[in-house]
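This report describes one protein model for a reader who is new to such descriptions. Please look through the sequence and the structure before reading on.

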Amino acid sequence: MAQWHNKTCLRKCLSGVAEPLCARLFTKGRVNVEALVGSNTVLIIFDDDAAPMKILTQGPWSFDKYLIGLYKPKDDESADDATFLHASFWVQIHNLPFRRMTRENAQVIGNTLGTMEQVDVSANGECRGHYIRVRVRIDIDQPLCRGRFVNMGETEPLWISFQYERLAIFCYWCGTLNHDEKDCKLWTESGGTLSKDEQPYGAWLRAATGNLQQPQVVHSSAIPHSTPPRTP
Ligand SMILES: [Zn+2]
């Protein structure tokens, strides 16, 4: 069970008495919670030692459709040390030919998006669905990757596209997750000269939740080495 604590008990809470987790709400409005320890940041204390890790592995989480940044402090850290630079997502890799839908290729492609955490393929290395799923830890200050060309040994490089599951509100102008389109510098500094028709990003980057294939997760540590595709 989670409890809200104020700053005065923060050091005590972080001294090993209970398992802390810091959370930042990437929402435009202020959050009216007394236990705020920074800008829209709260400290959550869990009675269950395993709860913070469980929450981290089941993310991403959102509040009012905005991303919740999570940070698990180390034993010698305080809430001031919390950073909210990364979030983990299940990313769908679309447009791969069936014979290229392997965990080796998923691993290599996922590594181009961020830090690979898991691959969702069958134990024998095949993907049985319409796409491959990879869980990747992504830098939220960087634009979401919409797709890329990969060299699979075909005559021409192949364009593969990405869709992100449980994707929170993000900026359709610059593609980052830490603000929405109304707060984007590209928009505010344009003086209204930009048109929404010109937005390089859109809701199409969000995976349709009603059409998810059955998970068949294999952890990346279990992936054997093989010859990867080249990304030009
Ligand atoms: Zn932006």
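Which residues touch the most other members of the largest nonpolar core? They are V91, I93 and V134, in a core of 43 residues.

## Basis of the description

This is a predicted model: local features need pLDDT of at least 70, side-chain atom pairs count only at pLDDT 80 or more, and totals for chains, interfaces and linings use all residues. Residues are numbered from 1 along each chain as its sequence is written.

## The chain as a whole

The protein chain has four helices and twelve strands. Helices (H or I, at least four residues) and strands (E, at least two) are DSSP runs, numbered from the N terminus. Of its 232 residues, 31% count as buried. A residue is buried if 20 or more other C-beta atoms lie within 10 Å of its own, exposed if 12 or fewer, and partly exposed in between, with C-beta atoms placed from the backbone.

Two residues are in contact if their C-beta atoms, placed from the backbone, lie within 7 Å. Among contacts with a separation of 6 or more, 66% join residues 24 or more positions apart.

## The largest nonpolar core

A nonpolar core is a set of buried Ala, Val, Leu, Ile, Met, Phe, Trp, Tyr and Cys residues joined through C-beta atoms within 7 Å. The largest one has 43 residues. Elements giving two or more residues to this core include strand 7 (86–94), helix 3 (103–111) and strand 9 (132–139). At least three residues come from each of domain 1 (2–74) and domain 2 (87–167 + 206–222); these bounds come from an automatic or database domain assignment.

Leaving aside residues up to four places away in sequence, I93 touches A106, I109, Y131, I132, V134, I160 and F162.

## Strands 5 and 6

Strand 5 and strand 6 pair in the antiparallel sense over three bridges; strands pair if DSSP finds at least two bridges between them. F63 has Y66 of strand 6 as its bridge partner. The hairpin has two residues between the strands, and D64 in this hairpin takes a positive phi near 55°. In strand 6, six of six residues are buried.

Most residues other than glycine have a negative phi, and most peptide bonds are trans. The bond from G59 to P60 is cis, with omega near 5°. P60 is in the loop between helix 2 (51–57) and strand 5 (61–63).

N95, in the loop between strand 7 and helix 3, has a phi near 80°. N95 counts as partly exposed because 14 other C-beta atoms lie within 10 Å.
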